[in-house]
Amino acid sequence: MPVPTRRLALVALALAVPLLFVPLGVAGALVLADGLLVAIALWDGARAPRPGSLQVERELPAVVALGAEAELVWRVRNPSPRPLVVTLADQLAPSLGAGTRRARLVVPPGGQARAATTLRPRRRGRFEVAEVVLRVDGPLGLMARQAAQRLPTTLAVHPRYRSASEAELRINRARLLEVGLRSAPGRGGGTEFDALREYSVDDESRRIDWAATARSPRAIVRTYRAERNQSVICLLDTGRTMAARVAGVPRLEHAMDAVMMLTHVASRLGDRAGLLAFDQEVQAAVGARSGAGQLARVTEALYQLEPALVESDYRRAFTFALARFRRRSLLVLCTELAEQAFTETVLPALPLVGRHHLVVVAAVADPTVAGWASSSPEDAGATYRTAAAVSARADRRRVVARLRGLGATVVDAPPGELATRLADAYLRVKATGRL
Amino acid sequence: MPGPASTWVRAGAFLAVIVAGVLLVGRPTGEGPPLDPGSTGPLGTAALVVLLEELGAEVDVTDAPPGPAHDVALVLADDLDDAGRGELAGWVQAGGTLVVADPASTLHPFPVGEVPALGMIELPVDTTCDLPALAPVGAVEPPAGSVTYELLPGADGCFRRGADVYVAATAAGAGAVVAVGGAGVFTNQSIGEADHALLAASLLAPRPGTRLAFLAPPAPGSGSEGLAELVGDNVKAALVQLGLAFATYTLWRARRLGRPVEEPQPVALEASELVVAVGRLLQEARHHDEAARLVGEDLRRRLAERLGLAPDAAAEQVAEVAAARSAIPAARILAALEPPPLRGADDLVAHVTHAHAVHEEVVHA
């Protein structure tokens, strides 16, 4: 479709000056000047090549992590024998945070030109980028042709993994404890026999193997290592309660960070980590596996999940978990400690999984509510709000107490601490051999 | 920040001040329009009429062209249509003397001469004169805005400025046309200066009994031409071209380069909103006793935990232990743990403040 250009508007504007001095009358001057201009513009538009005749490429990484940057490159090839001025607009969603979604290129005859921009995604998810709109100027730049070209691409924005450094710290510490470079009674020792070695002053005397010592000139101790190949299954609630924001981020994002850290630590320490995301239905499931690639698999399953404004069906999720993960596992339920939902759904269903699995319930606590509960209010409105905050925290404590009464471990931590405290809870379970 | 009502009041007051100012400054002076033969204001010409009548002339102020009985006709501002001008020209051909003081008029044939760069500067002219009728007139001081004319072949002129003259006269048939370089010399404020009165008398009442047709000048705002007719064709063409350029610009801007990208956004709801809502419900229902009980219970639990007591320890026990480990009287602590019935929100604020203070004192004791 032909489109006038800014240059055409400027030429039409400039024509007003000579019209002041040409004595042809109003109609005559306008017909002469604008008729000529329209004829030239139409000729120019006809000389512009069809946008569909240009070859356009878009280079875009398949995956970008939330908080990271990525470069998007457009390449336009000009098959015509004269230089072209091409303006393009890409179908980039605002949340991709592109520096620009438009570019203007001068493409040499028979050659190509490139333009680039930086993407800084502001939310995770799957982004379909379907088409590029091209506008090709005529030789005089007075008219242009515009059309869209299909160029479908998908960009996956993965969730932000804030606790990566904390995870590495815990993995390294656990390995140090495992090889006996450091002594930490009760932690990291594990319960699985590993090897015999000479006694050192840091060893506990109860670990001396007297039979081996009798056959040796020096004292010999038994070393143990943490059990491996155990299963850690994360049950991620994506229901309505996970949509609410804590510290400016939905609860689901905090829970995802915790799931990624737990998967990272467990899979690197030789255990098998899996995932089950659910609301009313099971939304995603990743089989329990170990190894470095498991974090990528879990992240791939996580990035498209959005909180659904529905009540989560915990019983259905537990039933699915029991059927899918038959081996005894550490079952980590990442959810919100909403008293009504827990009383009506979770607590009756918890014994179902508690018989076969070790259950940990992880939730993010709202520091804003905690602050209101412990503050000294200055007016009536703030006072009633303090009372409501105190009541909400009391409800939460009751839920935690009932969960613990049913044998579950509860990690109720503020944002920024949830992932690390959940990983620590896992390491404690592992060190004490409760699995 | 002012509200909408306050903004409207201010805008109305501002408008009223503007209207009052316009009415005060722009009110009619009561002196009549410029060049009006009945006006005694500085720009009126009543003095000219009185002068001519004193000299024995018979002055007819009229909108119609002069008739055969008139000897002289005076046009200070030409607002005649073509028919009127034709009648006037015919009257001159028949022997009348027409005095035109409107440089833009086509009733006289003289082109305007050189105009000073700044048109409002007065034109100094000399006293030379080719017309015997004006020989007695000495000095003339044309006021600002006056012009001089180029002298045509066969015409006579007076009061020169270079090659141009301030008064030019030429024969037309049996009559004559006299062009004066502006009506300013005939106004009330100028007619008494220099020899302007003598000039007027010589031109308009050369002898007693002269009958003068004073063509009334048009009232301000009258006439058949609109503002658009004051604009030249070239300027009109340029203005239309500007409109066309703007339309082209609009067409350029209207064609979007790529459609807007739709993107559903996730729900943004703060988790603490529920607590805020519950707090408002408590407040609107005036449940201050319930609110105080909740705060007291929370304080009891926190102190019990702090003091190493059982979580469900009685309030009295918590108060006693806390009093023993701090300098706070047990009764004061107990009042914070178990509040008496409250009368309203003020009591609740006082109670919660008290509970907070007790907690801080026990913790830091």
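A residue is counted here as buried if 20 or more other C-beta atoms lie within 10 Å of its own. By this criterion, in what is a predicted model, the buried residues of helix α12 of chain A are L418(A), A419(A), T420(A), L422(A), A423(A), Y426(A), L427(A) and K430(A). An α-helix has 3.6 residues a turn, so residues three or four places apart point the same way. Helix α12 of chain A comprises the 14 residues 418–431, which at 1.5 Å a residue should span 20 Å, and the distance of 20 Å between its end C-alpha atoms agrees with this expectation. Just after the helix, G433(A) adopts a positive phi of about 65°.

In soluble globular proteins, nonpolar side chains tend to be buried together. The largest nonpolar core contains 72 residues, and L235(A), V259(A), L262(A), V332(A) and A362(A) have the most contacts inside it. Helix α6 of chain A (residues 251–268) contributes the largest share of this core, ten residues. Leaving aside residues up to four places away in sequence, L262(A) touches several residues, among them V332(A), L422(A), A423(A) and Y426(A). A second, separate core of 55 residues includes L74(B), A197(B), L212(B) and F214(B).

In chain B, seven strands form an open sheet of mixed pairing, in the order β1-β7-β2-β3-β6-β5-β4. Strands β1 (58–62) and β4 (156–161) of chain B stand at the edges with a single partner strand each, so one side of each has no neighbour in the sheet. From one strand to the next, the twist averages 15°. Strands β5 (residues 164–172) and β6 (residues 175–180) of chain B pair in the antiparallel sense over six bridges, with A168(B) opposite A179(B) in β6(B).

Methods
Residues are numbered from 1 along each chain as its sequence is written. Chains are lettered from A and ligands numbered from 1 in the order in which they are written. This is a predicted model: local features need pLDDT of at least 70, side-chain atom pairs count only at pLDDT 80 or more; totals for chains, interfaces and linings use all residues. Helices (H or I, at least four residues) and strands (E, at least two) are DSSP runs, numbered from the N terminus. The expected span of a helix is 1.5 Å times one less than its number of residues. A residue is buried if 20 or more other C-beta atoms lie within 10 Å of its own, exposed if 12 or fewer, and partly exposed in between; C-beta atoms are placed from the backbone. A nonpolar core is a set of buried Ala, Val, Leu, Ile, Met, Phe, Trp, Tyr and Cys residues joined through C-beta atoms within 7 Å. Two residues are in contact if their C-beta atoms, placed from the backbone, lie within 7 Å. Two strands pair if DSSP finds at least two bridges between them. Axes are lines fitted to C-alpha atoms, for helices over the stretch in contact, and angles run from 0 to 180 degrees between N-to-C directions.
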